[in-house]
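Let's take a walk through the strands of this model. Have the fold open and follow along.

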Amino acid sequence: MMESIPNLNEARLKIVYPQIADLPYAAQEAVNILRGNLQLSGKGIQAIAVTSASKEEGKSSVAIQLTKSFAALNKAVVYVDCDIRKSKTLRRYQINEQVVGLTEYLSGNCRLENIVYRTDNPNMDMVFTGAAAPNPSELLSDTMFEQFLEILKANYDYVIVDTPPINAVIDGAIVAKSCDGTVMVLEQGVTERAEAIRMKRQLTYAGVKIIGAVLNKVGADPNGYGYGYGYGYGYGYGYGYGEEQNDKKKKSKK
Ligand SMILES: Nc1ncnc2c1ncn2[C@@H]1O[C@H](COP(=O)(O)OP(=O)(O)OP(=O)(O)O)[C@@H](O)[C@H]1O
Ligand SMILES: [Mg+2]
């Protein structure tokens, strides 16, 4: 363990104002139910990774919404973006400030206090990825990353960790392994069964504790947003992969 755990509340943190639009009521409700199930998954589940097999299945959306959902319960929660290679978080929430993040911290170029940003929600803080790094998987597999999560866990009730796609790069499995539990996001009608199985195998092989699965974009308009937008969720893995599943694979995304 650490010799000393910085108290982040006493640090002078900068504030960002992410413009996070509310999801439709049904989607918020589904994430609230996921939150409830995560709370019931036992003590010691504090750092939760959100991952998926491939890109754009909704990891970041679910991670952000889950963070907001814990904050709404008055839990102290921090969103940590570990998609070092391709994060879209800053741009998506129109955070225009120059921020320092995980890569600067993990490569020893700044202190932890400097990478935790307050938001306009007093219960919700954020950590961004920082500048592109040539060696993301090395940075994330360093014990410094585990210590970083320990420090956050000492300062927050929950740490929600956004990751890159499991089947694309090893970073996601490395990050998930350092967390207490992992939620897998599957996109309705898009995530191929083989991809889902590959993800689960990879996570299991890495020793990751899978604590839930989310079936995302249930009933969503396949062409985009708006109408029909929503989350579904399934709790407990095994959900959706079994032989009993009635495949609805209309399209596949590469
Ligand atoms: N429930 C939903 N209904 C409709 N659209 C959604 C839903 N969840 C996410 N999206 C949209 O799908 C796109 C991909 O979502 P998101 O960025 O969260 O996925 P991701 O898995 O983090 O992607 P990446 O692998 O690129 O990081 C975004 O445009 C997002 O707004
Ligand atoms: Mg993402």
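Strand β6 and strand β7 (residues 210-216) run parallel, paired over 6 bridges; helices (H or I, at least four residues) and strands (E, at least two) are DSSP runs numbered from the N terminus, and two strands count as paired if DSSP finds at least two bridges between them. In that pairing, Met184 sits opposite Ala213 in β7. This is a predicted model, so local features need pLDDT of at least 70 and side-chain atom pairs pLDDT 80 or more, while totals for chains, interfaces and linings use all residues. Residues are numbered from 1 along each chain as its sequence is written, chains are lettered from A and ligands numbered from 1 in the order written, and side-chain values use heavy atoms, leaving out hydrogens and water.

How covered is β6 (residues 181-187)? 7 of its 7 residues are buried, meaning under 20% relative accessible area with a 1.4 Å probe and protein chains only (exposed is over 50%, partly exposed in between). Gly181, Val183, Val185 and Glu187 point one way, and Thr182, Met184 and Leu186 the other.

Now for β2 (residues 77-81), with 5 of its 5 residues buried. Val77, Tyr79 and Asp81 lie on one side, Val78 and Val80 on the other. Val80 stands opposite Val127 in β4 and opposite Val161 in β5.
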